[in-house]
Amino acid sequence: MAEEIKTIAPQTVWGYFYEFTQIPRPTGQMERVTRFVVEQGKRLGLETIRDAVGNVLIRKPATKGYEGKPVVILQSHLDMVPQKNSDVAHDFAKDPIDAYIDGDWVKARGTTLGADNGIGASLALAVLADASLQHGTIEALFTVDEEVGMDGAFGLKSDFLKGRKLINCDSEEEGKLFVGCAGGADLNVEFRYKKGSPLIEGDVAVRLFLSGLKGGHSGVDIHLGRANANKLLFRFLKEAVSDYGVRLAAVSGGSLRNAIPREAEAIITLPKDNLDLLWELVADYQDIYRAEYSGVDDNISLKAEMTVSPVSLIPEEIQDDLINAIEACQNGVITMLHDFPDTVESSSNLAVVKSAAGLIEIKILARSASESRKSALLSSLESVFAMAGAKVDYGGAYNGWQPNISSTVLATMSQVYEQLYGAKPAVAVMHAGLECGIIQGIYPDMDMISFGPDIKHPHSPDEAVSIHSVARTYELLKKTMSSVE
């Protein structure tokens with residue numbers, strides 16, 4: 001039962017996290033979770049403000065003797081990524097997360113857990129609730145709708161926050177302090193056609209289903225080389241169309257721009273006489289994919305089954321342009337940072353491919369720590385689809401967070417970490433997008449770092465958060481709050 005996580009130490013942190021698992025909070029459905037946070041602030045007797053876009057700010061006054069300390073902002077976001085395995089019956093709009101303990105890890109059964117960023121919000125609430133902690137004034141900022149569009153951060157006003165020292169609680173590697181992150185932008189692609197082509201007499205219909213991939217966060221996990229379901233499916237389709245008379249009727253792969261797609265499916269038709277050859281091709285490609293991704297994605301499954309005939313087919317010229325463009329589309333790691341070894345600089349995630357009557361939509365998320373390379377990557381991706389006759393536009397752009405290794409918050413937390421754990425934390429730049437870049441644009445003089453406990457595979461049903469790491473992270477945060485100058 002999910003309630004067992006309330007028994008984990010520190011119980012205040014895990015008690016709040018349990019409450020977050022019980023509140024449906026996918027991006028765009030923020031009313032219940034923001035109401036919960038507002039209630040916590042008022043219950044603690046603290047100044048609690050909600051701004052025009054829904055962000056919540058709770059202000060805790062300095063303890064006696066600490067009035068001269070600087071104001072410190074604890075920042076986290078309230079929404080989570082809704083991803084589930086295809087065999088799990090879960091409605092993210094109304095069902096609680098079924099969390100459980102597995103050794104040192106808290107996980108969820110068949111869905112994302114929401115530790116990204118529910119643990120960060122729980123750490124902040126626990127600090128607010130701790131009456132024994134000595135600290136300067138604290139501003140706990142809980143932003144909304146981060147995972148799609150970062151709307152909460154973009155909606156911040158320049159007079160909302162009093163503090164100029166910020167600790168973002170949204171990173172996922174304990175023992176690392178992050179001082180920068182990549183920016184990103186969406187590429188939205190549309191293939192349109194007036195009407196579908198008629199079925200070919202004598203052809204039969206088959207459903208293809210690619211599954212079993214790990215997926216994951218398109219920033220945090222992109223360097224792991226995991227398979228992209230859209231790329232694999234269209235690689236198969238190219239040969240099937242070229243050599244076996246296959247026609248494409250419908251396709252659907254991926255669901256969120258910042259999650260590596262784990263599943264994809266298509267409805268195809270082909271001459272009945274080629275069915276046996278198709279079954280062989282499916283089996284061959286499954287073997288190829290498993291061999292190529294051995295040790296990375298070991299459970300790739302490509303299946304085919306007979307299905308009812310579709311109403312119409314995607315016109316052949318659109319089908320061919322679509323397949324060729326997706327085959328040519330850059331995906332995965334593009335460039336690496338020189339100043340921070342083993343850190344991705346630029347990447348592309350071919351996140352969503354979805355067809356409907358007269359329309360095929362494709363969504364790609366491009367990330368880069370360099371604005372010029374982000375622009376170059378977007379231009380390259382645009383060119384591929386423009387040559388294929390698609391309409392292309394941009395959206396959801398956000399700036400990266402430029403590193404500041406002279407940060408006083410960084411110096412304080414590094415010193416505290418070494419005092420607590422006998423080792424210096426690593427200083428790093430994150431490839432995933434954080435709200436810090438947007439906040440930096442609104443508050444140019446803000447001194448920021450990001451930290452958090454170990455979280456594995458956010459944005460996928462394999463998401464898990466380390467219990468001992470949460471405890472260490474909370475101790476680090478409490479000691480830091482008493483030490484910031």
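Is H77 buried or exposed? H77 is buried, with a relative accessible area of 0%; buried here means under 20% relative accessible area, with exposed over 50% and partly exposed in between, using a 1.4 Å probe on protein chains only. Keep in mind that this is a predicted model, where local features need pLDDT of at least 70, side-chain atom pairs count only at pLDDT 80 or more, and totals for chains, interfaces and linings use all residues. Residues are numbered from 1 along each chain as its sequence is written, and side-chain values use heavy atoms, leaving out hydrogens and water.

Let's stay with H77 for a moment. You'll find H77 in strand 3, residues 72–77 (strands are DSSP runs of E, at least two residues, and helices are runs of H or I, at least four, numbered from the N terminus). Leaving aside residues up to four places away in sequence, H77 touches D116, N117, T143, E146, E147, D170 and E435, where a contact means heavy atoms within 4.5 Å. The H77 side chain also makes a polar contact with the side chain of D79 at 3.0 Å, and another, at 3.4 Å, joins the side chains of H77 and D170. A polar contact is a pair of N or O atoms within 3.5 Å; within protein, one must be able to donate a hydrogen and the other to accept it, and residues adjacent in sequence count only if both atoms are side-chain atoms.

Now over to helix 1, residues 11–21. Eight of its 11 residues are buried, so helix 1 is largely enclosed by the rest of the structure. Those buried residues are V13, W14, G15, Y16, F17, Y18, F20 and T21. Their cover includes helix 3 (115–129) and helix 11 (467–483), along with helix 2 (31–43), strand 4 (99–102), strand 5 (105–108) and strand 23 (464–466).

Helix 3 and helix 11 also pack on each other, at an angle of about 45° with their axes 11 Å apart. That makes helix 3 oblique to helix 11 (angles under 35 degrees count as roughly parallel, over 145 as roughly antiparallel, 65 to 115 as roughly perpendicular and the rest as oblique). Axes are lines fitted to C-alpha atoms, for helices over the stretch in contact, and angles run from 0 to 180 degrees between N-to-C directions. On the helix 3 side, I119, L123, A126 and V127 meet V470, T473, Y474 and L477 of helix 11.

Helix 9 (residues 408–421) packs against helix 11 too, at about 125° with axes 9 Å apart. That makes helix 9 oblique to helix 11.
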